[in-house]
Amino acid sequence: MATTQRPRPKTWSLLGDVKRRPSSYEATAAKFNYHYKREPAPFEMDPQAPFNRLYLEHREGSPFTVEDWEGFKDPAKLTYADYVMLQHDRETYVDLLTDHHEAAESVAALDPAWVATLRDLFVPLRFPLHVLQMTGLYVGQMAPTAFIINCANFQAADELRRIQRIAYHTKSLAVGHGDDLAETSTARGPWEQSAAWQPLRETLERLLTVRDWGEAFVALNVAVKPALDAVVDQQLSELASRNGDEYLSLLMAEFQLDAQRSRDWTTALLGYAVEQDPAMADVVAGWLATWQPRAHAAVAGLAPLFGAAPNPLDPALVVAAADDAVLGVAAAATR
Amino acid sequence: MPRLARSEWYDLTRDMNWDLTYATEEEVFPELLSNGFGVPTHDWWTWDEPYKITYAEYVHNQAGKDAGLFSVNNVVGRSKIFENLDPGWLAAVTAHYGAIAVAEYQAGIGEARMARFGRAAAWRNMATYGALDETRHGQLQTYFPYQALNKEPRLDWAHKAYHTNEWGIIASRHLFDDMFTANDAVSMAIQLTFTFETGFTNLQFLGMAADAMKIGDIDFGSLIPSIQTDEARHAQQGEPTLKILVAAGKKDIAQALFDKMFWRAWKVFALLTGLSMDYYTPLAHRTHSFKEFMEEFINTQFIDQFRDFGLEPPWYWDRLHNEMSWVHHAYHLGVYFWRPTVWWNPVAGVGPEERAWLEEKYPGWNDSFGTYWDQMGANIRAGHPELTLPETFPVVCNSCQLPVCTPAGYAAGYLDSPLPLQLTVDGRLYTFCSEPCQWVFEQTPEQFAGHTSIIDRLLGGVIQPPTIPGALAYMGLSPEECGQDGTDYDWAHATAPVTAGPAASGAA
């Protein structure tokens with residue numbers, strides 16, 4: 001039989017006449033988003049159908065646009081298989097870390113005053129972090145190329161990872177220090193009503209109203225997420241360490257790896273955009289003029305909770321760390 | 001292993017629902033992206049997935065599954081298994097990759113929409129896994145053909161197809177864009193996950209996987225069931241969504257969503273899977289006819305399932321049963337006759353033994369569809385294979401985008417009239433292959449009215465020159481990519497000469 005007799009191609013025909021055979025990372029993402037800039041409209045329906053108009057306005061029509069998004073590559077070059085293998089290893093580590101501390105009964109030994117801080121500062125976190133998950137997946141459905149979509153979806157899955165470990169530890173705390181810690185109202189109550197959480201909630205609810213894919217990416221990945229990652233993964237880790245909670249300190253520090261991967265692809269994408277079109281620096285700066293103050297306000301609201309711990313962190317330093325994190329990522333759009 | 005069982009803490013990963021203060025419900029969950037159909041916000045918060053999984057379990061499971069699959073693919077790549085595949089099976093696999101691979105990746109956009117605009121945190125979490133799953137399926141189903149590209153250049157269509165205007169791909173885009181890339185989260189849970197994945201994908205994947213292993217295609221036979229394990233999990237987003245709609249008194253809405261997408265999926269399924277099961281799969285490895293498979297899995301198992309939720313079989317149930325006996329036979333004739341317009345090499349699958357099987361499974365086949373094949377076989381044996389090739393194009397349905405086959409259904413005794421249905425809206429004439437297709441169009445005319453079928457484009461001057469070569473170029477098919485008879489006409493020479501029937505002509 002009968003496979004077709006023709007010159008043997010090196011790669012997909014749409015990738016052109018290449019010298020080097022593209023990697024599996026490239027071959028399983030390049031030009032997957034067939035509907036981006038498709039004529040007469042993205043989707044195979046009435047060109048004026050509402051979804052066509054939505055994508056034409058908020059994706060093709062975004063001010064954050066370069067000639068060819070396909071040139072962007074994830075610095076980590078993760079395929080799905082790479083991603084689950086990577087996180088399989090990291091989750092194995094967290095399981096072992098958890099085993100170790102459960103065997104040592106370290107949760108039961110926590111100072112009740114520190115548990116009170118965790119009730120105010122740690123337990124509600126799953127609500128705001130869920131908004132980061134949601135918004136990551138908004139970027140994932142609106143981005144112009146699979147090279148960006150995959151980064152955004154993996155990032156959102158990382159948020160799910162962090163939320164679940166927070167949920168697990170919340171239950172552990174409840175077992176050792178009072179069942180009500182694991183009540184929904186113990187998290188939702190402060191999230192909806194406590195003054196410390198309202199600036200963050202306001203910022204995140206506004207984030208959920210953004211439709212332009214470029215603004216959603218910049219607001220999330222350049223402003224809100226770096227600020228919150230600095231607070232949750234670094235400052236809370238440091239605070240836990242100061243209060244004798246080694247498990248929580250190491251757990252939060254573990255998520256710095258995911259946060260770093262997010263910053264890596266974010267800065268790579270900003271750098272790519274500005275390199276392709278220097279005018280993109282102004283586009284990004286324009287959005288940051290809105291979102292940087294909102295991220296700052298969100299963290300400034302939470303920071304006093306760090307100052308209320310038995311062994312506190314200076315709230316001003318928490319805010320400064322978040323501001324620095326945002327500036328560090330944003331700098332990639334000005335080089 | 002950590003001490004707390006999943007059930008002890010899982011609810012804390014899925015209770016992140018709250019009342020908005022700084023933005024409105026419509027701003028955060030706009031109707032276009034998340035049609036709540038008037039169900040109260042807090043009712044949605046009761047959404048409860050039947051299948052629970054944690055992130056850690058997910059990455060542990062998936063890493064193991066992928067490691068196994070890549071090992072198989074690596075071994076198969078060093079063997080001659082691919083080169084020795086039966087030509088019919090190669091047609092089925094090449095058609096599958098073109099129609100499905102990138103479409104699955106796009107289903108990830110649909111999952112991401114549910115993961116953002118689903119109306120409960122528990123649902124958004126399940127859809128987050130779904131978005132990862134579909135990334136996996138898109139990548140695996142392009143990686144596998146990519147590894148075999150040097151053995152079969154036609155596998156380029158696993159990547160290229162959705163960038164083209166090949167007619168089957170127009171039909172697939174028209175279906176899948178309506179189902180997920182351009183659908184709202186709530187409708188999608190009913191239409192993508194419940195209707196399509198629970199109903200049809202199950203059938204396609206389990207059926208093909210079993211066939212692949214029997215045929216010796218270990219690569220495909222390992223890939224497809226592995227994908228199906230993910231589908232079986234994330235397809236369960238439909239059921240809780242359906243329960244909430246029904247409990248809120250929105251059964252009619254759920255039924256209409258279901259009816260529309262069930263019919264739409266049926267049409268493309270009949271094209272893709274109907275041909276694979278009844279013509280492309282080698283006879284020795286067939287266990288069911290397409291019709292039997294449909295009756296067993298969809299009409300019995302699946303219908304029982306949706307009756308449990310208070311839904312009824314769609315209003316067009318009689319027409320569906322009617323088409324199950326004939327429409328894929330008509331599509332197969334069409335695909336074979338217009339084989340230059342597809343990216344795979346169709347096999348006829350009508351040698352003497354296959355015909356006996358078709359007659360047994362579809363009594364009357366020889367006297368109806370068989371007569372067209374008699375004629376084509378006679379033309380080939382007479383040294384005129386060019387008479388088995390097209391000079392014009394068929395009329396295409398403005399709903400399913402597939403050729404209108406009512407004349408064949410009429411000639412075979414299944415329809416009362418050979419005529420298609422026609423409808424004039426705002427001065428434009430639309431043509432439909434069936435009442436359900438017209439009904440689908442009329443459900444959401446704003447979605448479809450301005451769309452042009454490939455025949456509209458041919459007649460409207462979009463395709464230039466308006467000839468067979470011009471149309472093939474428009475479809476993205478270079479001369480060497482155009483489909484050819486997969487067995488070099490072996491089937492015609494294996495058939496006993498036929499004396500009855502009209503003189504040699506191109507009619508089919």
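**Helix pair, fold and contact**

Analyst: Let's start in chain B of this predicted model. Helix α5 (residues 87-117) of chain B and helix α12 (residues 251-280) of chain B have axes that come within 10 Å and cross at roughly 170°.

User: Which residues in α5(B) and α12(B) meet?
Analyst: On the α5(B) side you have B:G88, B:W89, B:A91, B:A92, B:A95 and B:A99. They meet B:L272, B:S276 and B:Y280 in α12(B). By class, the residues of that contact are seven nonpolar and two polar, with no charged ones.

User: Where is B:V350 found?
Analyst: In a loop of chain B, between α15 (327-337) and α16 (352-361).

User: Is B:V350 buried or exposed?
Analyst: Buried: 26 other C-beta atoms sit within 10 Å of B:V350, and the cut-off for buried is 20 or more.

User: And what does B:V350 touch?
Analyst: Leaving out residues up to four places away in sequence, B:V350 touches B:R355, B:W373 and B:W491.

User: OK, zooming out. What is the secondary structure of chain B?
Analyst: Chain B has 23 helices and two strands. Its radius of gyration is 24 Å, close to the 23 Å the globule rule gives for 508 residues, so chain B is as compact as a globular protein of that length. The C-alpha atoms fill a box of roughly 75 × 60 × 45 Å along the principal axes.

User: How much of chain B counts as buried?
Analyst: 57% of its 508 residues. Also, if you take contacts in chain B between residues at least 6 apart in sequence, 79% of them join residues at least 24 apart.

User: What about chain A, how many helices and strands?
Analyst: Chain A has 12 helices and zero strands. The radius of gyration of chain A is 22 Å against 20 Å from the globule rule for 335 residues, which is close, so chain A is as compact as a globular protein of that length. Its C-alpha trace spans about 70 × 50 × 40 Å along the principal axes, and 54% of the 335 residues count as buried.

User: How many residues does each chain put into the contact between them?
Analyst: Chain B gives 79 residues and chain A gives 73. Several helices of chain B supply at least two residues each, including α4 (55-77), α5 and α8 (167-181).

User: Which helix gives the most on the chain B side?
Analyst: α6(B), with 13 residues. By class, the side of chain B that touches chain A has 36 nonpolar, 21 polar and 22 charged residues.

User: Last topic, confidence. What is the mean pLDDT of chain B?
Analyst: The mean is 93, and 97% of the residues of chain B reach 70 or more. For the complex, the predictor gives an ipTM of 0.97 and a pTM of 0.96.

User: Where is the pLDDT of chain B below 50?
Analyst: Over residues 497-508 of chain B. That stretch has 21 contacts in the model beyond near neighbours in sequence. Where pLDDT is low, the predicted coordinates should not be read in detail.

Methods:
Residues are numbered from 1 along each chain as its sequence is written. Chains are lettered from A and ligands numbered from 1 in the order in which they are written. This is a predicted model: local features need pLDDT of at least 70, side-chain atom pairs count only at pLDDT 80 or more; totals for chains, interfaces and linings use all residues. Axes are lines fitted to C-alpha atoms, for helices over the stretch in contact, and angles run from 0 to 180 degrees between N-to-C directions. Helices (H or I, at least four residues) and strands (E, at least two) are DSSP runs, numbered from the N terminus. Two residues are in contact if their C-beta atoms, placed from the backbone, lie within 7 Å. Ala, Val, Leu, Ile, Met, Phe, Trp, Tyr, Cys and Pro count as nonpolar, Asp, Glu, Lys and Arg as charged, and the others, Gly among them, as polar. pLDDT is the predictor's confidence in each residue, from 0 to 100. A residue is buried if 20 or more other C-beta atoms lie within 10 Å of its own, exposed if 12 or fewer, and partly exposed in between; C-beta atoms are placed from the backbone. The radius of gyration is taken over C-alpha atoms; the globule rule is 2.2 Å times the number of residues to the power 0.38.
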